[in-house]
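Dear colleague,

Please find below the structure that I am handing over to you, together with its sequence. My notes on the fold, the sheet, the aromatic rings and the backbone follow after it.

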Amino acid sequence: ARHLLSLINEILDVAKTEAGRLEIFPENVDLEYEFSNAIRLLEGRFKDRDFTVEKDLRDGLKIISVDPKCFRQIILNILTNAIKFSGDDCSVQIVAEKRENFAVLSFTDNGIGIPADQLEEVFTAFHQIENAMSKTTEGTGLGLSITKALVEMHHGSIEIESEPGKGT
């Protein structure tokens with residue numbers, strides 16, 4: 001039931017962003033709190049997986065102005081993918097730093113990586129790297145398309161660098 005509800009909510013989020021109906025309400029959020037909370041949620045979701053997430057908040061960056069609900073969804077989508085597509089020795093690093101007037105968040109994992117010809121496709125709704133025959137992880141292929149839309153609604157941008165076998 002939870003999985004079905006999650007799928008329905010993802011599809012509704014895609015529909016709202018594509019229709020221009022999703023509104024954001026920025027407020028100050030504490031990065032340490034949001035990252036720690038996301039990690040706790042993921043520890044519950046991935047009880048059978050061993051993973052570590054290291055946080056590095058640089059330049060005194062502690063508070064950013066974002067829509068809290070959207071920000072939680074962004075970091076949960078990115079961290080969920082990192083864990084889902086990594087082996088038993090999953091390691092994720094989050095770096096938050098200031099660059100000019102921007103907060104830059106970088107997430108690095110030691111997962112399976114993404115082939116160069118599919119890097120831009122990961123932001124397309126319903127796109128999945130694995131095909132139906134080789135699929136080993138659950139999901140709809142909506143997480144990163146929603147993430148991109150939410151980041152752009154905050155006047156941000158998202159980029160991805162990856163190499164098969166070397167992480168993302």
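Helices (H or I, at least four residues) and strands (E, at least two) are taken as DSSP runs and numbered from the N terminus. On that basis, the protein chain has 4 helices and 5 strands. Please bear in mind throughout that this is a predicted model.

Overall fold

Along the sequence, the elements of the protein chain follow the pattern α-β-α-β-β-α-β-β-α. The chain has 168 residues, of which 42% count as buried. Among contacts in the protein chain with a separation of 6 or more, 70% are between residues 24 or more positions apart. The accessible surface of the chain is about 10300 Å², and carbon and sulfur atoms contribute 51% of that area.

The sheet and the helix packed on it

An open sheet is formed by 3 strands in the order 2-4-5, with mixed pairing. Strand 2 (51–57) and strand 5 are the edge strands, each pairing on one side only. From one strand to the next, the twist averages 15°. Strands of a sheet pair through backbone hydrogen bonds, either parallel or antiparallel. Here strand 4 and strand 5 run antiparallel and are joined by 8 bridges. Within this part of the sheet, K98 stands opposite A103 in strand 5. Helix 2 (residues 31–45) packs on the sheet, where it touches strand 2, strand 4 and strand 5. The direction of helix 2 makes about 175° with that of strand 2.

Aromatic pairs

A pair of aromatic rings is described by the distance of the centres and the angle of the planes. The count for this model comes to 3 aromatic pairs. One of them joins F35 and F71: the ring centres are 6.2 Å apart and the planes stand at 50°, so the pair is tilted. Because F35 lies in helix 2 and F71 in helix 3 (residues 68–84), this pair ties together parts that are 36 residues apart in sequence. Both F35 and F71 are buried.

Another pair, F46 and F51, is edge-to-face, with 6.5 Å from centre to centre and 85° between the planes. F46 is buried, with a relative accessible area of 9%, and F51 is buried as well, at 14%. Ring pairs also link F35, F71 and F107 into a cluster.

Backbone points to inspect

Most residues other than glycine have a negative phi, and most peptide bonds are trans. Which positions call for a look at phi? E100 is not a glycine, yet has a positive phi of about 60°. E100 sits in the loop between strand 4 (90–99) and strand 5 (102–109). With a relative accessible area of 76%, E100 counts as exposed, because exposed means over 50%.

H155, also not a glycine, has a positive phi of about 65°. The place of H155 is in the segment after helix 4 (143–153). H155 is exposed too, its relative accessible area being 74%.

With kind regards

How values were computed
Residues numbered from 1 in each chain as written. Predicted model: local features only at pLDDT ≥ 70, side-chain atom pairs only at ≥ 80, totals over all residues. Heavy atoms only, no water. Buried < 20%, exposed > 50% of the residue type's maximum accessible area, 1.4 Å probe, protein only. Contact = heavy atoms within 4.5 Å. Areas by Shrake-Rupley, 256 points an atom, 1.4 Å probe, with all protein chains shown as cover. Pairing = 2+ DSSP bridges. Axes fitted to C-alpha atoms, helices over the stretch in contact; angles between N-to-C directions. Phe/Tyr/Trp six-rings, centres within 6.5 Å; stacked < 30°, edge-to-face > 60°.
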